Amino acid sequence: MPSKLWPYLTPGIPDELFERLPGIPLSKREIRLLLIAQLRIQPNAVLWDIGAGTGTIPVEVGLLCPHGRIIAVERDEEVANLIRRNCDRFEVKNVEVVEGSAPQCLSSLPHPPHRVCIEGGRPIKTILQEVWQYLLPQGRVVATASNLETLYAVSQSFTQLQARNVEVVQSAVNRLESRGFSQSFTAVDPIFILSGEKLD
């Protein structure tokens with residue numbers, strides 16, 4: 001459902017519309033679009049967003065699926081409050097912010113997920129293994145990797161968990177930016193987006 005700040009049905013909210021904190025990561029608009037596409041969210045789905053950061057994914061998915069339920073997990077209290085403020089900015093009412101560290105806090109989350117988005121967390125293999133226990137049948141996990149170590153860890157974990165329909169996409173995005181009197185293209189840092197499904 002559209003909000004006053006973003007009165008459109010399509011995702012892709014400009015980065016500058018979100019409130020931010022120094023040093024807190026924000027999923028760039030184009031990366032968000034790829035992530036949401038890979039999540040393949042259904043109208044009433046429960047989504048866990050682990051390492052929700054600025055809250056861009058919860059906001060976008062909350063607007064797209066007003067009857068769904070989004071659980072945003074963030075370990076830092078100040079960052080968790082940032083997610084709440086961004087949800088308020090966009091009038092998103094179906095996001096619940098949980099302050100806690102994954103994987104320790106996952107057992108206390110209120111609803112088992114249909115979809116899980118993992119955008120952070122150093123013990124990525126442990127988080128994936130724990131998430132898999134709670135993921136509903138036909139559920140789907142989407143994880144991002146910005147370096148070779150994380151890419152390998154997620155890929156290896158999907159193999160160990162016998163994930164099905166595994167896909168890997170790497171972003172290659174350039175944005176036109178003005179610099180003085182000229183305009184040039186600037187690359188957005190590439191991200192690997194990995195997804196896999198639990199069939200039973």
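Contact, as used here, means heavy atoms within 4.5 Å.

## Basis of the model

This is a predicted model, in which local features need pLDDT of at least 70 and side-chain atom pairs count only at pLDDT 80 or more, while totals for chains, interfaces and linings use all residues. Residues are numbered from 1 along each chain as its sequence is written, and side-chain values use heavy atoms, with hydrogens and water left out.

Helices (H or I, at least four residues) and strands (E, at least two) are DSSP runs, numbered from the N terminus. Buried means under 20% relative accessible area, exposed means over 50%, and partly exposed is in between (1.4 Å probe, protein chains only).

Leu 64 lies in helix H2. Not counting residues up to four places away in sequence, Leu 64 touches Met 1, Leu 9, Pro 11 and Ile 36. The relative accessible area of Leu 64 is 35%, so this residue is partly exposed. Its C-alpha atom and that of Gly 196, 132 residues apart along the chain, are separated by 22 Å.

Helix H1 (residues 29-39) and helix H2 (residues 56-64) have axes that come within 11 Å and cross at roughly 55°. Axes are lines fitted to C-alpha atoms, for helices over the stretch in contact, and angles run from 0 to 180 degrees between N-to-C directions. H1 passes H2 in a right-handed crossing; a crossing is right-handed if the near helix is turned clockwise from the far one by less than a right angle, and left-handed if anticlockwise.

On the H1 side, Arg 32, Leu 35 and Ile 36 meet Thr 56, Ile 57, Glu 60, Val 61 and Leu 64 of H2. By class, this contact of H1 with H2 has five nonpolar, one polar and two charged residues. Ala, Val, Leu, Ile, Met, Phe, Trp, Tyr, Cys and Pro count as nonpolar, Asp, Glu, Lys and Arg as charged, and the others, Gly among them, as polar. The buried residues in H1 include Arg 32, Leu 35 and Ile 36, along with Glu 30 and Gln 38. Just after H1, Arg 40 takes a positive phi of about 50°.

## Nonpolar cores

A nonpolar core is a set of buried Ala, Val, Leu, Ile, Met, Phe, Trp, Tyr and Cys residues joined through side-chain atoms within 4.5 Å. The largest has 28 residues, of which Ile 50, Ile 118 and Val 141 touch the most other members. Two or more residues of this core come from each of strand E1 (46-50), strand E2 (69-74), E4, helix H4 (124-134), strand E5 (139-145) and helix H5 (148-160). H4 gives the largest share, five residues.

Apart from this core lies another, of 27 residues, among them Trp 6, Ile 36, Val 59 and Phe 90.

## The H4-H5 pair

The axes of H4 and H5 come within 9 Å and cross at roughly 35°, and H4 passes H5 in a right-handed crossing. Ile 124, Lys 125, Leu 128, Gln 129 and Trp 132 in H4 meet Ala 153, Val 154, Gln 156, Ser 157, Phe 158 and Gln 160 in H5. The residues of this contact divide into six nonpolar, four polar and one charged.

Ile 127 is also placed in helix H4. Its relative accessibility is 0%, so Ile 127 counts as buried. The C-alpha atoms of Ile 127 and Val 154 are separated by 10.0 Å, at 27 residues apart along the chain.

## Backbone features

A cis peptide bond, with omega of about 10°, joins Ala 102 and Pro 103. Pro 103 is in the loop between strand E3 (95-99) and strand E4 (115-118).

Glu 91 is not a glycine but has a positive phi of about 60°, and its place is in the loop between helix H3 (77-89) and E3. Asn 165, also not a glycine, has a positive phi of about 50° and is found in strand E6 (residues 164-170). Glu 91 is partly exposed at 37% relative accessible area, and Asn 165 is partly exposed at 47%.
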